[in-house]
Amino acid sequence: MPRLTRRQVLYSSAAALTGAVLAAPAAFPAGAATRPAGGHGHSAGHGHSAGHQMPEPFDEVYQGRHIEGWPADDDGSPDGGHGGHHTGAAAGPHEGMDFVVRIDNDDLHVMRNADGTWISLVNHYETFTTPHALARAAVRELQGAELVPVVTG
């Protein structure tokens, strides 16, 4: 039995992925892409790119860890920017982010995908319908370990 090379595996994987991507639009009904995912919170006045609504803020203790999240356009603080020390001159720690998620007061870098799902640096290959679900999954994945902040500059 001939042994496959890495190149052959990569080429066949790329071909299979391309086929799946091209076949996906035919696999879903016409209205499926416009319906929000289950559990996706909506907030009036928080419309963002690709027609996706901004999820609701959250603040809870989950498995002994304090998790919280809010839209980043609230000036970088859970209280909507009131009482913060944001000067407006320099880029803040949440510059370029749509939503801020914290675990035990440490920022968890989260990103919104084009389809409206969310990923984080802790669960980078798993998508979630809301940042709240993502934060809970990150707590489970960390298994009590500290969240290491991302230093970008």
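This tour goes from a sheet to a helix and then to one serine.

The model is predicted, so local features need pLDDT of at least 70 and side-chain atom pairs pLDDT 80 or more, while totals for chains, interfaces and linings use all residues. Residues are numbered from 1 along each chain as its sequence is written, and side-chain values use heavy atoms, without hydrogens and water.

**Stop 1: the sheet.** Strands are DSSP runs of E, at least two residues, numbered from the N terminus; helices are runs of H or I, at least four residues. The four strands form an open, antiparallel sheet in the order 1-2-3-4. Two strands pair if DSSP finds at least two bridges between them. Strand 1 (58-62) and strand 4 (106-108) are at the edges; each has a single partner strand, so one side of each lacks a neighbour in the sheet. Neighbouring strands are turned by 25° on average, direction ignored.

**Stop 2: strands 1 and 2.** Find Glu 60: its bridge partner in strand 2 is Ile 67.

**Stop 3: the helix.** Select helix 2, residues 131-142. Helix 2 packs on the sheet and touches strands 1, 2, 3 (99-103) and 4. Contact means heavy atoms within 4.5 Å. The direction of helix 2 makes about 25° with that of strand 1. Axes are lines fitted to C-alpha atoms, for helices over the stretch in contact; angles run from 0 to 180 degrees between N-to-C directions.

**Stop 4: Ser 120.** Select Ser 120, in strand 6 (residues 118-120). Among the residues Ser 120 touches are Leu 108 and Leu 134.

How values were computed:
Lists of a residue's contacts leave out its neighbours within four places in sequence.
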